[in-house]
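Have it open while you read, and go through the points in order.

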Amino acid sequence: VEVRRAVVQLLLDLASGCTNQHFYTLLVVVEKVVKRTMESEAEIGTDVETAMLGLVEVFKYKLLHIPPQHAYCVFRILVYHVQFQYQRQQRQKASPRAAKIRQQILECFLRMRANPIHQLGILRPDNVHVDYSPFVMCNESDDIADKRLLTRPLLVGKAAF
């Protein structure tokens, strides 16, 4: 478990600074470690905790940096993990570590804000200032069911996921 935890931390450190296609390769490896551990072990280990809490930090960083697709990819992993934990919790009792992971992910989501021009941002720890992304926007649709994340690459226009 300690070796997996150390490897996951190294992969997340590399992914945080990566701006090319290698990011997805690193993320796939981290996701496989998390899925395999979650499906095979009854208790969530420190490796999964390190991976998921690290992904929260990677999401916060990638939200404000290019390419915006990286933030979207991490967001999807975080949402999937919370859903998986709630499904798993129905079958067995949740551990304190699992609750901590869910809490950190949900707190991150609750810190997200949108400004009048629909840029997505994240509230700083001081709970006063918000850092808005010039690359990630919310859709302007009035239909709540049609809301989805949009990205705006530099000088290219909007591209929906």
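1. Let's start with Val 130, which lies in strand S3 (residues 130-138). Helices here are DSSP runs of H or I with at least four residues, strands are runs of E with at least two, and both are numbered from the N terminus.

2. A word on what we're looking at: this is a predicted model, where local features need pLDDT of at least 70 and side-chain atom pairs count only at pLDDT 80 or more, while totals for chains, interfaces and linings use all residues. Residues are numbered from 1 along each chain as its sequence is written, and side-chain values use heavy atoms, with hydrogens and water left out.

3. (Buried means under 20% relative accessible area, exposed over 50%, and partly exposed in between, with a 1.4 Å probe and protein chains only.) Leaving out residues up to four places away in sequence, Val 130 touches Arg 113, Gly 121, Ile 122 and Leu 123; contact means heavy atoms within 4.5 Å.

4. Now zoom out. The protein has five helices and five strands, and from the N terminus they run α-α-α-α-α-β-β-β-β-β. Of the contacts with a separation of 6 or more, 51% are between residues 24 or more positions apart.

5. Which residues have the most contacts inside the largest nonpolar core? They are Met 52, Leu 55, Phe 59, Val 74, Leu 78 and Ile 105, in a core of 37 residues. Helices H1 (2-17), H2 (22-40), H3 (46-63), H4 and H5 (96-110) each supply at least two core residues, as do strands S2 (119-123) and S3. The largest share, eight residues, comes from H3. (A nonpolar core is a set of buried Ala, Val, Leu, Ile, Met, Phe, Trp, Tyr and Cys residues joined through side-chain atoms within 4.5 Å.)

6. Setting aside residues up to four places away in sequence, Leu 55 touches Leu 12, Leu 27, Val 30, Val 74, Ile 77 and Leu 78.

7. Last one: His 70, in helix H4 (residues 68-91). His 70 counts as buried because its relative accessible area is 1%. Beyond its neighbours within four places in sequence, His 70 contacts Cys 18, Thr 19, Asn 20, Phe 23, Tyr 24 and Lys 62. Across the protein, buried residues make up 39% of the 161 residues.
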